[in-house]
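Let's take a friendly walk through this model, one region at a time. Keep the structure open beside you as you read.

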Amino acid sequence: MNVPVPNNLEAFWMPFTANRQFKKAPRLLASASGMYYTTVDGRKLLDAAAGLWCVNAGHGRREIVEAVANQVGELDYAPAFQMGHPKAFELAARLTSMLPKPLDHVFFTNSGSESVETALKIALAYQRARGKGTKTRLIGRERGYHGVNFGGISVGGIPTNRKFFGSLLTGVDHMRHTHDLERNAFTRGQPEYGAEFADELERIIYLHDASNIAAVIVEPMSGSTGVLVPPKGYLERLREICTKHDILLIFDEVITGFGRLGAPFAVDYFGIVPDMVVTAKGITNGVIPMGAVLCSSEIYDAFMTGPEHAIELFHGYTYSAHPVACAASMATLDIYAKEGLLTRGPELAQYFEDALHSLKGLPHVIDIRNIGLVGAIELRPIDGEPTKRAFSAFLSAYEKGVMMRTTGDIIALSPPLIVTKEQIDFLVSVIADVLKALP
Ligand SMILES: Cc1ncc(COP(=O)(O)O)c(C=O)c1O
């Protein structure tokens, strides 16, 4: 099937894309099914990135398609403020049942970025609601990605995502990142070294005093900056320090949520319970935009005071808990449950790990790391031309039938959770060919 290509690609300013390069040689997708995309010129591409870390159940899932179509016909939209619809409450209850107590309440958004802003705002408003209004500072981490809105880029730690956008939020500090190639290169699973990086938090708290700090936000595993797996003991230490100083701990699980680590959430994988969990992406299998922030009952209850007719939190989106997104999400959760996709770690993670690490020793490879069903291959950058080598690998893999993702000089792999061993073998053999031919 060949799909017509528009003859004017200029009008669309593409996000996070080298627009001029793309428009000279566009990579256009026409359809998708299961593990594969099909390009407009009819070529099949193995999806090694779950779209953008979101299509966890694979593409074109009939149950989701039907749920969305039925919902559009039945209730296309319901006002999100002062009105509700049953599926929003059903979905919220279902999500809270998937996470440990006390994460008992859900605030719906439409993306990861909105979920991050929501969590940060709830953190600030919570501290004030419980009479600790001086706790306003926020702490993020270098190489953290928390979306692209002002709060998210402020607590995030990616220089290129920050430097063009002025003074950002004030009152934000960053811990150092946990990537330590010298000590941890080629680690399978969690690295041995680096728990002590969490002690930076103590240093920052000492500097500002805990009475001025509202929350710490981290990705349990940093995805977008290249699959940075937390060192053993690191997250435990963060939790302890936050608890000791009465500071909220927020896990940004936009990538790790919904099965990516081979367990339903990073919360389950690492056995650590934060005060808020930020989600999006896999919540609807990427089909309809949606995000959700789960928070503890202690946080929720702090707002449930004052006159009953009064709004408790001045925050929300026109499309919070959109009926179509709720329907898509419930159908998605049904598939995850029916097919056991959120717990495929024990079955597949070891195979995936062995396959990836078989690439050790190939040209340019300076690290391979993995956890659950996510992995990364870090390449030595070309002198003076950072990112170019990995981007060339991306283009070459695309020509050979694999859509993967690169960030900096790192190849990141996060296939849909329906991936088979044969598909993992194909993926790894294509990457091996690409690396061998790469200048
Ligand atoms: C950890 C994390 N937080 C937030 C976001 C932002 O999500 P969105 O692009 O849906 O706004 C992402 C997106 O990749 C992410 O990986």
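Domain bounds, as used here, come from an automatic or database domain assignment. For this protein, that assignment gives domain 1 (19-61 + 341-437) and domain 2 (65-339). Before going further, please note that this is a predicted model, in which local features need pLDDT of at least 70 and side-chain atom pairs count only at pLDDT 80 or more, while totals for chains, interfaces and linings use all residues. Residues are numbered from 1 along each chain as its sequence is written.

How far apart do the C-alpha centres of domain 1 and domain 2 lie? They are 26 Å apart. The contact between them takes 34 residues from domain 1 and 32 residues from domain 2, two residues being in contact if their C-beta atoms, placed from the backbone, lie within 7 Å. Among the elements that give two or more residues to the domain 1 side are α2 (50-53), α14 (345-357) and β11 (365-371); helices (H or I, at least four residues) and strands (E, at least two) are DSSP runs, numbered from the N terminus. The largest share of that side, six residues, comes from β11. By class, the domain 1 side has 16 nonpolar, eleven polar and seven charged residues. Here Ala, Val, Leu, Ile, Met, Phe, Trp, Tyr, Cys and Pro count as nonpolar, Asp, Glu, Lys and Arg as charged, and the others, Gly among them, as polar.

Now look for the ligand. A shell of 14 residues surrounds the ligand, and the closest are S111, G112, S113, G147 and V254; a residue counts as near if its C-beta atom, placed from the backbone, lies within 6 Å. Helix α5 (residues 112-129) gives the most to this shell, with three residues. The shell has five nonpolar, seven polar and two charged residues.

Next, find helix α3 (residues 62-74) and helix α13 (residues 323-339), which pack at an angle of about 155 degrees with their axes 8 Å apart. Axes are lines fitted to C-alpha atoms, for helices over the stretch in contact, and angles run from 0 to 180 degrees between N-to-C directions. That angle makes α3 roughly antiparallel to α13, a label for angles over 145 degrees. Residues of α3 including I64 and V68 meet residues of α13 including A327 and I335. This contact divides into eleven nonpolar, two polar and two charged residues.

Finally, two backbone details. The peptide bond from K101 to P102 is cis, with omega near 5 degrees, and P102 is found in the loop between α4 (86-98) and β4 (103-109). V227 is a residue other than glycine with a positive phi, near 60 degrees.

Notes:
Angles under 35 degrees count as roughly parallel, over 145 as roughly antiparallel, 65 to 115 as roughly perpendicular and the rest as oblique.
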